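This report covers a single chain, from its overall layout to a few selected residues. Please view the sequence and the structure together while reading.

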Amino acid sequence: MSESHTQKLAVLFVCLGNICRSPLAEGALRAVAAKSGLDCTVDSAGTADYHVGDAPDPRAIATARADGVDISGLQGRQLDLQDFYRFTHIFALDKANLEGIRARAPRDATAQVALLMDAIEGKKGGSVKDPYYGDDDDFRAVWEEILIAISAMTDRFEEAGIDARF
Ligand code: 4NP
């Protein structure tokens, strides 16, 4: 059996500040995995260090809470080198952060790096818009988009496990 079959599925979501989009994606996948029984490590991080140690943005917390998902206990952290080996999949929330992740990736990184929107047929290459300077409706729109992507992603993981390619 190859190493890829013995390693457990581990998914990291990465945005800029790790207080709006990536904690929402983390919360969404945790909730779906808990419901479906998908065995999966889930975390999130930012390419920037602006919000290390901070709780998610109150608007992100409220948006997820409205759908019964609690992300209030999460804490911001910055992407680090070990993430490229600890996680099987790293999903960027937008193209700018995808470039930021790729720029930091060590040559022998084992994680597959992709965009969250690559999980949705027809939305490949797309970005989840930064809602930080937006309003509650922007957070709601981001959450809806993330939920669709996480649902599609979970289907792929259930079919192909850690070998799923995006
Ligand atoms: P996120 O949103 O990348 O979705 O967490 C942002 C959060 C904070 C900042 C920018 C985007 N900021 O400039 O502090």
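## Fold and basis

Along the sequence, the chain runs in the order α-β-α-β-α-α-β-α-β-α. That gives 6 helices and 4 strands; helices (H or I, at least four residues) and strands (E, at least two) are DSSP runs, numbered from the N terminus.

The model is predicted: local features need pLDDT of at least 70, and side-chain atom pairs count only at pLDDT 80 or more, while totals for chains, interfaces and linings use all residues. Residues are numbered from 1 along each chain as its sequence is written, and side-chain values use heavy atoms, with hydrogens and water left out.

## Size, packing and charge

The chain has a radius of gyration of 15 Å, which agrees with the value near 15 Å for a compact globule because it holds 166 residues. This radius is taken over C-alpha atoms, and the globule rule is 2.2 Å times the number of residues to the power 0.38. The C-alpha trace spans about 50 × 35 × 30 Å along its principal axes.

Of the 166 residues, 48% are buried; buried means under 20% relative accessible area, exposed over 50%, and partly exposed in between (1.4 Å probe, protein chains only). Among contacts (heavy atoms within 4.5 Å) between residues at least 6 apart in sequence, 71% join residues at least 24 apart.

The chain carries 18 positive and 27 negative charges, whose mean positions are 2 Å apart. Lys and Arg count as positive and Asp and Glu as negative, with His and the chain ends not counted; each charge is placed at NZ of Lys, CZ of Arg, CG of Asp or CD of Glu.

## Ser 22 and Asn 18

Ser 22 belongs to helix α2 (residues 21-36) and counts as buried because its relative accessibility is 0%. Its side chain makes a polar contact of 2.9 Å with the side chain of Asn 18. A polar contact is a pair of N or O atoms within 3.5 Å; within protein, one must be able to donate a hydrogen and the other to accept it, and residues adjacent in sequence count only if both atoms are side-chain atoms. The Ser 22 side chain also reaches the backbone oxygen of Ala 45 at 3.5 Å. Beyond neighbours within four places in sequence, Ser 22 is in contact with residues including Phe 13, Ser 44 and Leu 93.

Asn 18 sits in the loop between β1 (10-15) and α2. Asn 18 is buried too, at 2% relative accessibility. Its phi is near 60 degrees, a positive value in a residue other than glycine.

Asn 97 is part of helix α5 and is buried, at 5% relative accessibility. Neighbours within four places in sequence aside, Asn 97 contacts Val 14, Cys 15, Leu 16, Arg 21, Thr 47 and Ala 92.

Asp 108 lies in the loop between α5 (95-104) and β4 (112-115). A polar contact of 2.5 Å links its side chain to that of Tyr 85.

## Glu 145

Helix α6 (residues 136-160) contains Glu 145, which is partly exposed at a relative accessible area of 23%. Not counting residues up to four places away in sequence, Glu 145 touches Met 117, Ile 120, Lys 123, Ser 127 and Val 128.
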